[in-house]
Amino acid sequence: MTISQELFQKAGTLIPGGVNSPVRACKSVHCDPLFVASASGSKLTTEDGAEFIDYVMSWGPMLLGHNHPEVAAAIAHTAAKGTSFGAPCRLEVELAQAVVDAVPGIEMVRMVSSGTEATMSALRLARGYTGKNGVIKFHGGYHGHADAFLASAGSGVATQSIPGTPGVPADVVKHTLLAHYNDLEAVRALFEQQGDDIAAVIVEPVAGNMGLVLPKPGFLQGLRELTSKYGALLIFDEVITGFRVSFGGAQAAFGIDPDLTCLGKIIGGGLPVGAYGGKRKIMSHIAPSGNVYQAGTLSGNPLAMAAGLATLKALAQKDYAALAARTDAFSRELENILHGKGVPVTRNHIASIFTLFFTETPVVDFPSAQTGDSKAFVSFYQQMREQGIYLAPSGFECAFTSFAHSEQDFERTLDAARKVRF
Ligand code: PMP
């Protein structure tokens, strides 16, 4: 038995499913998880001493690569001065300034400790600000695990939702309306039917939780127009795309001005951080300047602020276009290799993110993402992992590159793909 397997066995007796977040268990790819001992640059080292080229990158935060020297130094320097005060500190102001400077739609920002808290709080604010209850979200969109977002379709897409998991009251998700991503007409219909009680539309401007799915031309603009017309707020969930699709996020790349933006992952530089921000006139409704309540013992934690600030400072100097071009070329070659083996594959790519779907159908929404051949994916995943390539253990996830991935990393990954047998 490997050390990872021993640890996983023990973990299973102590932690539900042996993991602190479900996909890590690698169930859908029929593998045991690898326990990571350390990570540096583009690579992970397991408890068994095996090295992997990492395309998960902690599910997105590590755009600079693991254990970046400037981020590590900022954390160590800050830790030496105390780890939590529960009182304001300078670093919170500096990170807020950096976020406001970078993200066009954010005039004020509130720090929280996870992406889930960011989206949950943004929705409460949208409801408190508009005095309405409804929220439109998209099938296959993930906005953390707050009750309101864990909704499945009831009978027919344009009807009210049912809970997506036990433990969520039907009374809560009755306010959650579902549409398909890229289907502007469905959103328009929901507004025409129920527009007087819709507080917000929440959307990943580039979807990253059904695999990578890009917005069709006009989709985001259409959401902007419909929300403005009906007095609802447009919430961009940029927990994945913020500081990744461009330094100013997807909103900068696509030129759309949302009312509220949710951030996470990269702004924490690998520490637990989320944030939500937006227009001053809306954000000032948050307590204590307004009456919409939201709080956190560890919010604005100095270590997390230091890691985020060091990350943003380093990213501001990076060549995003160059990484995008390298990721495009690399993922295209990967696609070609799979095509050459007679495997159906559709590639979606933007910036330093891509997904290879094992289907010939263009992937534009959740139903088309679900046409992927999961057997072929599992086989690819397992054979790549055997060769030291660490991919996300699900066909509905993104692959992330980072500024630490070298051409040699990409070459080694392509060589591994060439050896895969289907
Ligand atoms: N929104 C999006 C778009 C996400 O991808 C995630 C997590 N992957 C979240 C929200 C929730 O963030 P967290 O896991 O930090 O709570």
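Is Gln-317 buried or exposed? The model is predicted: local features require pLDDT of at least 70, side-chain atom pairs count only at pLDDT 80 or more, and totals for chains, interfaces and linings use all residues. Residues are numbered from 1 along each chain as its sequence is written.

Gln-317 counts as exposed because it has 7 C-beta neighbours inside 10 Å. Gln-317 sits in the loop between helix 10 (302-315) and helix 11 (320-340). Helices (H or I, at least four residues) and strands (E, at least two) are DSSP runs, numbered from the N terminus. The C-alpha atoms of Gln-317 and Phe-247 are separated by 10.0 Å, with the two residues 70 apart along the chain.

The domain assignment gives domain 1 (3-64 + 319-419) and domain 2 (69-315); such bounds come from an automatic or database assignment. Their centres, taken over C-alpha atoms, lie 25 Å apart. The contact involves 24 residues from domain 1 and 30 residues from domain 2 (C-beta atoms, placed from the backbone, within 7 Å). On the domain 1 side, strand 14 gives the most, with 4 residues. That side has 16 nonpolar, 6 polar and 2 charged residues. Nonpolar covers Ala, Val, Leu, Ile, Met, Phe, Trp, Tyr, Cys and Pro; charged covers Asp, Glu, Lys and Arg; the others, Gly among them, are polar.

The ligand is surrounded by 16 residues, and Ser-114, Gly-115, Thr-116, Gly-144 and Val-239 are the closest (C-beta atom, placed from the backbone, within 6 Å). Helix 4 (residues 115-130) supplies the largest share of this shell, 3 residues. By class, the shell has 4 nonpolar, 10 polar and 2 charged residues.

Technical notes. Two residues are in contact if their C-beta atoms, placed from the backbone, lie within 7 Å. A residue is buried if 20 or more other C-beta atoms lie within 10 Å of its own, exposed if 12 or fewer, and partly exposed in between; C-beta atoms are placed from the backbone.
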